[in-house]
Amino acid sequence: MKETIYTQTLKRAADAEGGSAALAGLLRVPQNTLERWMSGRAQTPVRAFVKALERLTHHESTGAAAPLPAANGEPLVFRMGQLLGRCQRCDGTQFDAADPAAPVKLTSPLRCRACGEHVIHGTLIAQLAQDAVLYAHAMTAARTRRQAGGRQAVAHKKDLAS
């Protein structure tokens, strides 16, 4: 399965908690459910993802979880499926660590490359997760409308044929 922000975050949180069983207990889900989320075979609910982010943030602040390596001047881009993490000020999608030499933690300030706006890494990721949920709901609603329209067209054709 493809690595995503979801799978990476859950794996890091499980490592910090002492294993997937411990994280599953914290999130109050069966371990096999968590493992499906961690492998990308099932969608992680946003509440569970945000709780895992919060725990990982806590572990990073206490030194129990290793932060991500420094970006080395490369732009930071955050993707969930087709969605990108975006600056709320200018809609930019590329960020830099405020301190390029430091490892990137969820509490690290990031700077939008387009406008210079500052955002906290974990906040950006949590907002992206919320956006992904809204996008999924919108796509489901659009598909439902298309299917309903198709059924109405078929029914209308049958009425005309009668």
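Author: A nonpolar core is a set of buried Ala, Val, Leu, Ile, Met, Phe, Trp, Tyr and Cys residues joined through side-chain atoms within 4.5 Å, where buried means under 20% relative accessible area, exposed over 50% and partly exposed in between, with a 1.4 Å probe and protein chains only. This is a predicted model, in which local features need pLDDT of at least 70 and side-chain atom pairs count only at pLDDT 80 or more, while totals for chains, interfaces and linings use all residues. Residues are numbered from 1 along each chain as its sequence is written, and side-chain values use heavy atoms, with hydrogens and water left out.

Reader: Ok, so how many residues are in the largest nonpolar core, and which have the most contacts inside it?
Author: The largest nonpolar core holds 38 residues, and L34, F49, F78, M80 and F95 have the most contacts inside it. At least two residues of this core come from each of α1, α2 (20-27), α3, α4 (46-62), β3, β4 and α5 (121-161); helices (H or I, at least four residues) and strands (E, at least two) are DSSP runs, numbered from the N terminus.

Reader: At what angle do the axes of α1 and α2 cross?
Author: They cross at roughly 100 degrees and come within 7 Å, the axes being lines fitted to C-alpha atoms, for helices over the stretch in contact, with angles running from 0 to 180 degrees between N-to-C directions. α1 and α2 are therefore roughly perpendicular to each other, given that angles under 35 degrees count as roughly parallel, over 145 as roughly antiparallel, 65 to 115 as roughly perpendicular and the rest as oblique.

Reader: And which residues of α1 meet α3?
Author: T7, L10, K11 and A14 of α1 meet L34, W37, M38 and S39 of α3, where contact means heavy atoms within 4.5 Å. The axes of α1 (residues 5-17) and α3 (residues 31-39) come within 7 Å and cross at roughly 130 degrees, and the two helices are therefore oblique to each other.

Reader: Switching topic, in what order do the strands of the open sheet lie?
Author: The 3 strands lie in the order β3-β4-β5 with antiparallel pairing, and two strands pair if DSSP finds at least two bridges between them. β3 (95-97) and β5 (118-120) stand at the edges with a single partner strand each, so one side of each has no neighbour in the sheet.

Reader: Last one: is A102 buried or partly exposed?
Author: A102, in the loop between β3 and β4, is partly exposed, with a relative accessible area of 22%.
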